[in-house]
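Thanks for coming, everyone; I would like to talk through some charged side chains and a few local features. Please have a look at the structure first.

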Amino acid sequence: MKKIFTIILLAVVSAAAFSQEPNKQLQQLEKYLQELDLGVSHEQSNCGGTTNIRHTWRSMFYESTQKILADESLSEEKRKQYQAYHDEFIAKRWKNLEHAVDSVRLAFARLSKETSKSYLFEDHMDGTDTIKYALAFARPDGMAPFLYEQKKSNRAEFFGAREAASFNFDKNFDSQGQYFVGKGSYEHVYEIETGLTWENDMKNFDIEAFQALIQPVIKPLLSLKGAKSYPVYWRHDVGYEDEVGKNGGLTHKTTSYGSDASGQGLTTGSFCFIPAQYEAEAKALHKQLDSLSLAYVNQHPEQPYIYKYSKDYSFFNIVEILNGHRHHGSDDYSLRSYSDPDGFYILSLTTKGDIWIPREWPKLKSWINGEKVYLKGKAPKRTPNPLNGGMK
């Protein structure tokens, strides 16, 4: 009976979630920012101590009028062509940025009449610009948390809103370099009430159930020539020190939600490799995994997660599709994708503590405190050392 009640509760929560929608004007604005090639990321989550389903749209942008000189080895004609192309490209980017700022200004001005709270600040002097916008919609009467604001240095922030958006933009003149820099950020947050409580209703992310869901769509691709699944074992113990960066053996560290910040981390699991010639099949797989991830979290609002909308692989960059988090002392899970000239990768990882990603992970069977064991046929080639006739 208890199980049936839980299923009914989740069905009600799911139906309620889909009956609510974010502000249409802000959605239209975000679509336009995408069309201007400014990029808008979108993630959905329910962790961080709240059971609400939070949608977050973000756009970060930076433009500069700084000149980039062409290679001196090129002919004068080629340099002129290169510079003309560069100038045209930069001019287009700035024009898109101007359109974006104007569109944001119009959207925020219109919405300020409908919001519970709004703040619009602009300052323009000597060709420089400072823009600080914020607006918020309160929750229905009597529903906590209640809306409140903080103002500091020509900027306002609203907390406890059902829906809020902010825009910050600065265009400043660099007196040393003699060029303008325009940089800014846009954020739109929308929360859906689930009615669940963090203490009584939330559970650990069900890693086994989710893996059982995705394995049937991954397995058929392993029959492709050259495709294969490889093990993952990355261990970073307390006290082991390694620079995360160019000189270290690690690409980066990700602190898991709820981590004790000790630096310790053990990541196990596997990654699936699909050769580059099967691009269509690999992209179809990515799309399937994205859809399955979204469907799973929508069906399980009682499990903490962060889902990031990602429609494709990113070249030389690991994309996080889904992070499933522990609620009380369990493991974390992450589904990620990656691509390089060799092909496409899907990573299914379980982590205790922090995720420390080795620099050569596509070639490694294991990485333990800097000690690497390479996969068969993946070890770097050793070349003769001319100083002693031996190998290096």
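This is a predicted model: local features need pLDDT of at least 70, side-chain atom pairs count only at pLDDT 80 or more; totals for chains, interfaces and linings use all residues.

R336 forms a salt bridge with E320, the closest N and O atoms being 3.5 Å apart, where a salt bridge is a side-chain nitrogen of Lys or Arg within 4 Å of a carboxyl oxygen of Asp or Glu. This pair links distant parts of the chain, with R336 in strand β14 (residues 332–340) and E320 in strand β13 (residues 319–324), 16 residues apart; helices (H or I, at least four residues) and strands (E, at least two) are DSSP runs, numbered from the N terminus. R336 is buried, at a relative accessible area of 2%, and by buried I mean under 20% relative accessible area, with exposed over 50% and partly exposed in between (1.4 Å probe, protein chains only).

Residues are numbered from 1 along each chain as its sequence is written, and side-chain values use heavy atoms, with hydrogens and water left out.

The mean pLDDT, the predictor's confidence in each residue from 0 to 100, is 85 for the protein, and 85% of its residues reach 70 or more. Over residues 1–19, however, the pLDDT is below 50, and beyond near neighbours in sequence this stretch has 12 contacts in the model, a contact being heavy atoms within 4.5 Å.

Returning to the charges, a search of the whole structure finds 24 salt bridges. One of them joins R326 to D332, with the closest N and O atoms 2.4 Å apart; R326 is buried at a relative accessible area of 14%, and D332 is buried too, at 4%. Another joins K352 to D331 with a closest N and O separation of 2.9 Å, and it links K352 in strand β15 (residues 343–353) to D331 in the loop between β13 and β14, 21 residues apart. Here K352 is partly exposed at 49% relative accessibility, as is D331 at 22%. There is also a network of salt bridges that links R54, R139, E191 and E193.

Which side chain of opposite charge is nearest to E30? It is R58, 11 Å away, and E30 is buried yet has no salt bridge; for charge, Lys and Arg count as positive and Asp and Glu as negative, while His and the chain ends are not counted. E30 is found in helix α2 (residues 24–35), and, not counting residues up to four places away in sequence, E30 touches V40, W57, Y186 and H188.
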